[in-house]
Amino acid sequence: MRYVIMWPMLKPIPHKKTKAILFDLGNVILDFDFTPAFRKLSGASRRSAAEIKTFFLSSGLEALYDGGKISSRQFYAHVKKELKHGLDYAKFRKIWNEIFTLNREIADLIRRLHPHYRLVLISNTNEMHYEYIRLKYPVMRHFDRKILSFKEKIRKPDARIYRKAIKACRAVAGEIFYIDDREDLTEAASALGLKTFTYKNNAKELTKKMKETGIL
């Protein structure tokens, strides 16, 4: 006699519905280019634009500023001492801030999503940039919470800043869809259970992914 073993049917694991969307800022909502700032700073100092770029890339000063370890005035003082420029604080701030361009497709998408999802911003940014962006770009008003490195004193990809963002989303990790332009940052978030998308300046691919996951 043959015996047939009947295994119990396994129910599929339900897909967690997205309740919140987490957006990076730079190169997602706003494109940025420091080149004009380096050129203008060069015009006020004895350093070339290339030398100024190298200074910012190698000094670690911007990471300290983004991480809330130094104030805006301290950042300005350090840069002035190093570059020996003759700009006052207001003129330096203007040059430092005028590097952004709005990604209109993403801004429109955010406006479309806002009535239906909790929206949270997570960004490695500094005080001068954030205050400028907050006042200049109305799309920022659509975010329910903003997790900013200079305020939290933690920068991505530190898991602690993602945990703060998860809490701000008022959802569990699997109910959050996170968009960032850097793969190392989406991988860090994915390790904590977030659904992620690495944005490469292609809004159509993002909306396609959102449709596939039932967000749109």
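First, some ground rules. This is a predicted model, so local features need pLDDT of at least 70, side-chain atom pairs count only at pLDDT 80 or more, and totals for chains, interfaces and linings use all residues. Residues are numbered from 1 along each chain as its sequence is written, and side-chain values use heavy atoms, with hydrogens and water left out.

On confidence, pLDDT is the predictor's own score for each residue, from 0 to 100. The chain averages 93, and 93% of its residues reach 70 or more. Residues 1-15 fall below 50, and that stretch has two contacts beyond near neighbours in sequence; contact means heavy atoms within 4.5 Å. Where pLDDT is low, the predicted coordinates should not be read in detail.

Now the helices, which are DSSP runs of H or I with at least four residues, while strands are E runs of at least two, both numbered from the N terminus. Let's start with H4 (residues 72-83) and H5, whose axes come within 11 Å and cross at roughly 90 degrees. Axes here are lines fitted to C-alpha atoms, for helices over the stretch in contact, with angles from 0 to 180 degrees between N-to-C directions. That makes H4 roughly perpendicular to H5, a label for 65 to 115 degrees; under 35 is roughly parallel, over 145 roughly antiparallel, and the rest oblique. From H4, Ser 72, Arg 73, Phe 75, Tyr 76 and Val 79 meet Tyr 89, Phe 92 and Trp 96 of H5.

H5 also packs on H7, at about 75 degrees with axes 10 Å apart. Here Tyr 89, Phe 92, Arg 93, Trp 96 and Asn 97 of H5 meet Met 128, His 129 and Tyr 132 of H7.

Which residues does Asn 97 touch, leaving aside those up to four places away in sequence? They are Met 128, His 129 and Tyr 132. Asn 97 is buried, at 5% relative accessible area; buried means under 20%, exposed over 50% and partly exposed in between, with a 1.4 Å probe and protein chains only. In H7 (residues 127-136), Met 128, His 129, Tyr 130 and Ile 133 are buried too.

Finally, the backbone. Most residues other than glycine have a negative phi, and most peptide bonds are trans. Lys 156 and Pro 157 are joined by a cis peptide bond, with omega about 15 degrees. Lys 153, in the loop between H8 and H9, has a positive phi near 60 degrees. Asn 201 has a positive phi near 55 degrees, and at 58% relative accessibility Asn 201 counts as exposed.
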